[in-house]
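User: I would like to go through this structure with you step by step. Could we begin with the charged side chains?
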Amino acid sequence: QVQLVESGGGSVQAGGSLRLSCAASGYTYSSYCMGWFRQAPGKEREGVAAIYTGGGSTRYADSVKGRFTISQDNAKNRLYLQMNSLKPEDTAMYYCAARGGFYPCYSGSWSHGELFGYWGQGTQVIVSS
């Protein structure tokens with residue numbers, strides 16, 4: 001059973017930076033499609049970024065391209081999301097998610113949260129103007 005634990009959220013002023021971390025354990029596949037999702041109050045869940053741990057291919061939502069960077073440390077079983085130039089509209093609960101294998105990281109469906117079977121509990125990010 002894969003377990004995911006996020007950390008690194010907090011409050012920051014607009015223009016600031018945060019780095020989210022996701023600690024993974026219980027892997028049964030050799031590689032995973034892993035993603036960061038977010039959900040703001042009253043809004044639908046949004047795919048932020050995804051990475052295939054077996055090859056490093058990355059995907060980003062248009063709203064975060066050029067500002068956020070997803071990365072991995074396979075030796076530590078950790079996933080990261082470096083968030084720079086934060087905006088108030090980035091305020092949300094951020095979740096780490098995983099699915100065994102390369103799908104859907106190599107498809108346009110990477111942002112569909114329902115395709116991911118493992119989820120963390122979330123970490124809150126608040127960006128003030």
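Analyst: Arg38 and Asp90 form a salt bridge, with their closest N and O atoms 2.9 Å apart. A salt bridge here is a side-chain nitrogen of Lys or Arg within 4 Å of a carboxyl oxygen of Asp or Glu. The pair links distant parts of the chain, since Arg38 is in strand β4 and Asp90 is in the loop between β8 and β9, 52 residues apart. Strands (E, at least two residues) and helices (H or I, at least four) are DSSP runs numbered from the N terminus.

User: What kind of model is this, and how are the residues numbered?
Analyst: This is a predicted model, in which local features need pLDDT of at least 70 and side-chain atom pairs count only at pLDDT 80 or more, while totals for chains, interfaces and linings use all residues. Residues are numbered from 1 along each chain as its sequence is written, and side-chain values use heavy atoms, with hydrogens and water left out.

User: Is Asp90 buried or exposed?
Analyst: Asp90 is buried, because its relative accessible area is 1%. Buried means under 20% relative accessible area, exposed means over 50%, and partly exposed is in between (1.4 Å probe, protein chains only). Arg38 also counts as buried, at 6% relative accessibility.

User: Which other residue forms a salt bridge with Asp90?
Analyst: Arg67 does, and the closest N and O atoms of that pair are 2.7 Å apart. At 10% relative accessibility, Arg67 counts as buried.

User: And which residues make up the network?
Analyst: Salt bridges with shared partners join Arg38, Glu46, Arg67 and Asp90 into one network. Glu46 is partly exposed, as its relative accessible area is 28%. The structure has four salt bridges by this rule.

User: Let us change topic. How many disulfides are there?
Analyst: A search of the whole structure finds two disulfides, each defined as a pair of cysteine sulfur atoms within 2.5 Å. Counting the bonded cysteines along the chain, the pattern is 1-3, 2-4.

User: Where do Cys22 and Cys96 lie?
Analyst: Cys22 is in strand β3 (residues 18-25) and Cys96 is in strand β9, so the pair ties together parts that are 74 residues apart in sequence. Their sulfur atoms are 2.1 Å apart, and both cysteines are buried. The angle about the S-S bond is -75 degrees, and this link is left-handed.

User: Is the disulfide of Cys33 and Cys105 left-handed or right-handed?
Analyst: It is right-handed, because the torsion about the S-S bond of Cys33 and Cys105 is about 90 degrees. The sulfur atoms of Cys33 and Cys105 are 2.1 Å apart. Cys33 is in strand β4 (residues 32-39) and Cys105 is in the loop between β9 and β10 (118-119), 72 residues apart.
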